[in-house]
Amino acid sequence: MEKGFNWMQLVNPEFYINLHVAGVPVGIYVVLFIVFAETGLFAGFFLPGDSLLFLAGIYSDSLMSTVFDLGNGFLNVTVLAAMVAAAGIVGNMFGYWFGYKSGTYLYKKEDTFLFKKKYLIQAHEFFEKHGGRAIIFARFLPIVRTFAPIIAGIVKMDKKRFMAYNIASSILWAFAMIFAGHYLNELFKVQFDIDLKAHIEKIVIGIVLITTFPVLLNMLKGKKVTEQEAIEEANDDNNGDANIFPN
């Protein structure tokens, strides 16, 4: 990195994609780690997800050239999407395991800078509304996708069923976002002579607004839940009184 570091770069997905350490490009490894962290670590909810994958599609050739360039645009973007999907699958598995082992601990945990109990409760409400399909829907919703596998583990969703939704949602999310970035960039170049790399900031803002709107709407419409209600809700799940994964 030749320029001085700015904390605002941490919310810019292009910063991670073009990141160099000691002159060595590490963007692809950072992308994979962020996907794992955002879907597997409750502290990863603040990391860029959808916008990062969209930009990764735009930069797919340069990202793949740092590991093994297949010499073909389609193969590069396909392998990149597969790698990201794999990172998402592993991340969700870790989140499920953490939720399974932690039980009601997170409901009783005090809020910190990296953990907000309200996000956990909102994710639980999302599950109550959509059942097991929430694993798939959550992939496309910031914050919710971070806590979704943790909730699945807390309520002890059937492992095989969870893995089926986990694999399907990871593949759908990774391929949809990365292919969209790659081929929309190609389309704009050919049809309008516009390189989307020159409009990254507008693209990021647009994606953030589109993907966070449903979450913000749910926060505004959702009921207020007290700490005691959160604990009681968690205890109900552990006692088998709740059934948020209908067949």
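Visitor: Is Tyr 96 buried or exposed?
Guide: Tyr 96 counts as buried, because its relative accessibility is 7%. Please bear in mind that this is a predicted model.

Visitor: And Phe 162, buried or exposed?
Guide: Phe 162 has a relative accessibility of 2%, so Phe 162 counts as buried.

Visitor: How many aromatic pairs does the structure hold?
Guide: There are 10 aromatic pairs in the structure. One of them joins Tyr 96 and Phe 162: the ring centres are 4.5 Å apart and the planes stand at 25°, so this pair is stacked.

Visitor: Which helices do Tyr 96 and Phe 162 lie in?
Guide: Tyr 96 belongs to helix α5 and Phe 162 to helix α10, so the pair ties together parts that are 66 residues apart in sequence.

Visitor: What about the rings of Phe 188 and Phe 192?
Guide: Their centres are 5.4 Å apart and their planes are at 55°, so that pair is tilted. Both residues lie in helix α10, four residues apart, which is about one turn of the helix.

Visitor: Why do residues four places apart point the same way?
Guide: An α-helix has 3.6 residues a turn, so residues three or four places apart point the same way.

Visitor: How accessible are Phe 188 and Phe 192?
Guide: Phe 188, at 28% relative accessibility, counts as partly exposed. Phe 192 counts as exposed, because its value is 52%.

Visitor: Which residues form an aromatic cluster?
Guide: One aromatic cluster is formed by Phe 33, Phe 36, Phe 94 and Trp 97.

Visitor: Changing topic: how many helices and strands does the chain have?
Guide: The chain has 12 helices and two strands. Along the sequence, the pattern is α-β-β-α-α-α-α-α-α-α-α-α-α-α.

Visitor: What share of the chain is buried?
Guide: Of the 247 residues in the chain, 47% are buried. As for contacts with a separation of 6 or more, 76% are between residues 24 or more positions apart.

Visitor: Back to α5. How do α5 and α9 cross?
Guide: Helix α5 spans residues 73–102 and helix α9 spans residues 144–154; their axes come within 6 Å and cross at roughly 45°. The two helices are therefore oblique to each other. The crossing of α5 past α9 is right-handed.

Visitor: Which residues make that contact?
Guide: On the α5 side they are Asn 92, Gly 95, Tyr 96, Phe 98, Gly 99, Tyr 100 and Ser 102. On the α9 side they are Arg 145, Pro 149, Ile 150, Ala 152, Gly 153 and Ile 154. By class, the contact of α5 with α9 has seven nonpolar, five polar and one charged residues.

Visitor: How many residues of α9 are buried?
Guide: In α9, 11 of its 11 residues are buried, and the helix is mostly covered. Among them are Arg 145, Phe 147 and Pro 149.

Visitor: What follows α9?
Guide: Lys 156 follows α9, and its phi is positive, near 60°.

Visitor: How do α2 and α5 cross?
Guide: The axes of helix α2 (residues 27–40) and α5 come within 7 Å, at a crossing angle of roughly 35°. That crossing is right-handed.

Visitor: Which residues meet there?
Guide: From α2, the residues are Ile 28, Val 31, Leu 32, Val 35, Phe 36, Thr 39 and Gly 40. Their partners in α5 include Leu 80, Met 83, Val 84, Asn 92 and Phe 94. The contact of α2 with α5 has 11 nonpolar, six polar and no charged residues.

Visitor: At what angle do α3 and α10 pack?
Guide: Helix α3 (residues 50–58) and helix α10 (residues 159–192) pack at about 50°, and their axes are 6 Å apart. That makes α3 oblique to α10. The crossing of α3 and α10 is right-handed.

Visitor: What does α3 bring to that contact?
Guide: Helix α3 brings Asp 50, Leu 53, Phe 54, Gly 57 and Ile 58, which meet α10 residues including Trp 173, Met 177, His 182 and Asn 185. The residues of this contact of α3 with α10 divide into nine nonpolar, four polar and one charged.

Visitor: Is Asp 50 of α3 buried or exposed?
Guide: Asp 50 is buried. Helix α3 is mostly covered, with nine of its nine residues buried.

Conventions
Residues are numbered from 1 along each chain as its sequence is written. This is a predicted model: local features need pLDDT of at least 70, side-chain atom pairs count only at pLDDT 80 or more; totals for chains, interfaces and linings use all residues. Side-chain values use heavy atoms; hydrogens and water are left out. Axes are lines fitted to C-alpha atoms, for helices over the stretch in contact, and angles run from 0 to 180 degrees between N-to-C directions. Angles under 35 degrees count as roughly parallel, over 145 as roughly antiparallel, 65 to 115 as roughly perpendicular and the rest as oblique. A crossing is left-handed if the near helix is turned anticlockwise from the far one by less than a right angle, and right-handed if clockwise. Contact means heavy atoms within 4.5 Å. Ala, Val, Leu, Ile, Met, Phe, Trp, Tyr, Cys and Pro count as nonpolar, Asp, Glu, Lys and Arg as charged, and the others, Gly among them, as polar. Rings of Phe, Tyr and Trp (its six-membered ring) pair if their centres lie within 6.5 Å; planes under 30 degrees apart count as stacked, over 60 as edge-to-face and the rest as tilted. Buried means under 20% relative accessible area, exposed over 50%, partly exposed in between (1.4 Å probe, protein chains only).
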